[in-house]
Amino acid sequence: EQSLETIWRESEVTRAFRGMTLAKKPHCPDCSIRFLCGGGDIEHAYFYASSRSLHSLADHDPYCELHKAMIRDALLDLTSSRAALLRRDTGFGSPVVLTGMGEGAVHCASESVAAGEDSERVRTTRSECVLSFDLDAPRKLVREFYGDAAEKPKEDLCCPVRPDPADLAHIPKDVVDRFYGCGSPVGDARIKPGEVTLDLGSGAGIDVFIAAKKTGPTGRAIGVDMTDRMLAVAHEQKKVVSANLGYDIVEFHKGFLEKVPLDDRSVDVVTSNCVINLSPDKPKVFSEIWRVLRNHGRMVISDIVSDAEVPPWQRRDPRLWGECISGALTEDELLALTERTGFYGVQILKRSFWKDVEGYRFFSVTLRGYKYAKSAGCVFQGQKAVYLGPFKGISDEEGHWFPRGVPVEVCTDTAAKLAVAPYKGMFRIIAPGANDETFECCSPTAAGSSSCC
């Protein structure tokens with residue numbers, strides 16, 4: 001006899017439900033995670049109460065201890081995975097704040113949310129969305145997008161920069177037509193003969209094939225990708241490339257950027273071309289790059305960055321995910337994440353404007369960084385480093401200050417780091433007890449000479 005609206009607003013039952021708070025739960029005031037579980041399930045409390053009444057909505061949920069254990073396990077797993085990304089064997093020992101819940105949770109937003117109609121940073125529709133979100137959701141979008149691009153080339157997809165034509169002579173047109181990068185990281189990596197290279201998100205294999213020519217028959221060129229249709233093209237064209245080169249050192253593996261299927265310290269150079277922005281867990285990607293690199297190895301990546309934080313409605317657009325927009329970091333975020341992982345000598349090698357999307361400007365950048373894992377503790381043996389100029393003085397990533405021309409005592413780790421790229425030639429390293437009266441300085445470009453500095 002009453003309307004649903006009247007029942008909803010005035011019914012004693014619905015008022016009781018609306019009035020339920022943690023304050024009325026007798027077991028909750030001393031619980032440290034009561035605001036995560038909400039005091040348990042009121043249906044459980046009602047149905048398992050000794051006497052069912054509206055008052056029993058506040059009774060104890062018999063599954064409460066199970067819920068608490070599951071929540072604690074989830075929190076522990078999340079924060080442990082974040083803590084594992086903090087490098088203790090680098091020069092970056094400053095405190096950091098580790099977050100687990102909600103990190104990256106913008107990716108779990110419903111696909112049906114209308115684009116551009118709200119400005120919320122994170123939208124959740126159920127509590128488990130905060131605790132654990134589906135990492136494969138954005139991956140699925142990318143697999144479908146680039147799977148289609150593998151079967152039918154997309155000429156306008158993410159290509160503000162093209163490789164050097166001289167690097168493509170041995171590569172079939174079917175591969176070149178499926179180049180979807182935003183730079184030439186392999187060309188900028190200065191690959192040496194005999195080195196082991198790894199290209200993350202290798203697609204149809206173009207950067208792997210370029211690396212194979214540069215590293216020569218004594219090296220290895222490895223590609224990792226998660227898209228079956230792209231890998232099929234790469235495997236098919238590998239035979240042609242090997243025949244053109246006269247040797248076969250190329251290999252492709254299926255895998256994720258966040259879990260690279262290679263051993264620790266197994267490669268000399270890691271490249272990636274407009275792929276890291278597609279990852280839902282970028283700190284894990286950089287941690288994996290660090291893991292597989294050998295000491296003094298280097299990474300050279302090309303990617304898309306934005307001049308301001310990408311808004312939520314762009315992050316939820318499946319098309320913009322594939323076009324390298326939704327997952328783009330700002331340039332400052334990219335540099336900070338690289339250094340926080342432990343890379344040193346971080347440098348933007350190239351930067352070019354790509355395009356404007358709804359008033360947000362996007363750029364292609366090529367970034368280089370080096371790995372150097374420190375030993376367990378600093379050991380001082382009397383070594384000194386002298387900065388040769390041209391600046392009056394410089395500071396390294398660990399906060400050491402080097403005035404020009406002034407010997408500064410350094411530990412064995414720092415001495416080893418300053419003696420190799422990218423610092424080689426900028427410093428004179430004085431061995432303990434060495435005669436420091438005569439030396440010949442050279443420019444960094446000639447630093448390969450054994451008699452120099």
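Colleague: How much accessible surface does the chain have, and what share of it belongs to carbon and sulfur atoms?

Modeller: About 23,000 Å², with 52% of that on carbon and sulfur atoms. The areas come from the Shrake-Rupley method with a 1.4 Å probe, and for residues only the protein chains shown count as cover. Bear in mind that this is a predicted model: local features need pLDDT of at least 70, side-chain atom pairs count only at pLDDT 80 or more, and totals for chains, interfaces and linings use all residues. Residues are numbered from 1 along each chain as its sequence is written, and side-chain values use heavy atoms, leaving out hydrogens and water.

Colleague: Why is Thr 271 called buried?

Modeller: Buried means under 20% relative accessible area, exposed means over 50%, and partly exposed is in between (1.4 Å probe, protein chains only). Thr 271 has 4%, so it counts as buried. You'll find Thr 271 in strand β4, residues 267–273; strands are DSSP runs of E with at least two residues, helices are runs of H or I with at least four, and both are numbered from the N terminus.

Colleague: And what makes Arg 190 exposed?

Modeller: Arg 190 has 66% relative accessibility, which is over 50%, so exposed is the word. Arg 190 sits in the loop between α9 (185–188) and β1, and has a positive phi of about 50° although it is not a glycine.

Colleague: Which residues does Thr 271 touch?

Modeller: Leaving aside residues up to four places away in sequence, Pro 185, Val 186, Ala 189, Leu 198, Asp 199, Leu 200 and Val 300. A contact means heavy atoms within 4.5 Å.

Colleague: What makes a set of residues a nonpolar core?

Modeller: They must be buried Ala, Val, Leu, Ile, Met, Phe, Trp, Tyr or Cys residues, joined through side-chain atoms within 4.5 Å. The largest one here has 29 residues, and Leu 198, Val 267, Val 270, Ile 289 and Met 299 touch the most other members. Its largest share, five residues, comes from α12.

Colleague: What is the peptide bond between Gly 389 and Pro 390 like, cis or trans?

Modeller: Cis, with omega about 15°. Pro 390 is in the loop between β9 (384–387) and β10 (393–395).

Colleague: Where does pLDDT stay under 50?

Modeller: Residues 104–133 are one such stretch. pLDDT is the predictor's confidence in each residue, from 0 to 100. Where it is low, the predicted coordinates should not be read in detail. The chain averages 81, and 78% of the residues score at least 70.
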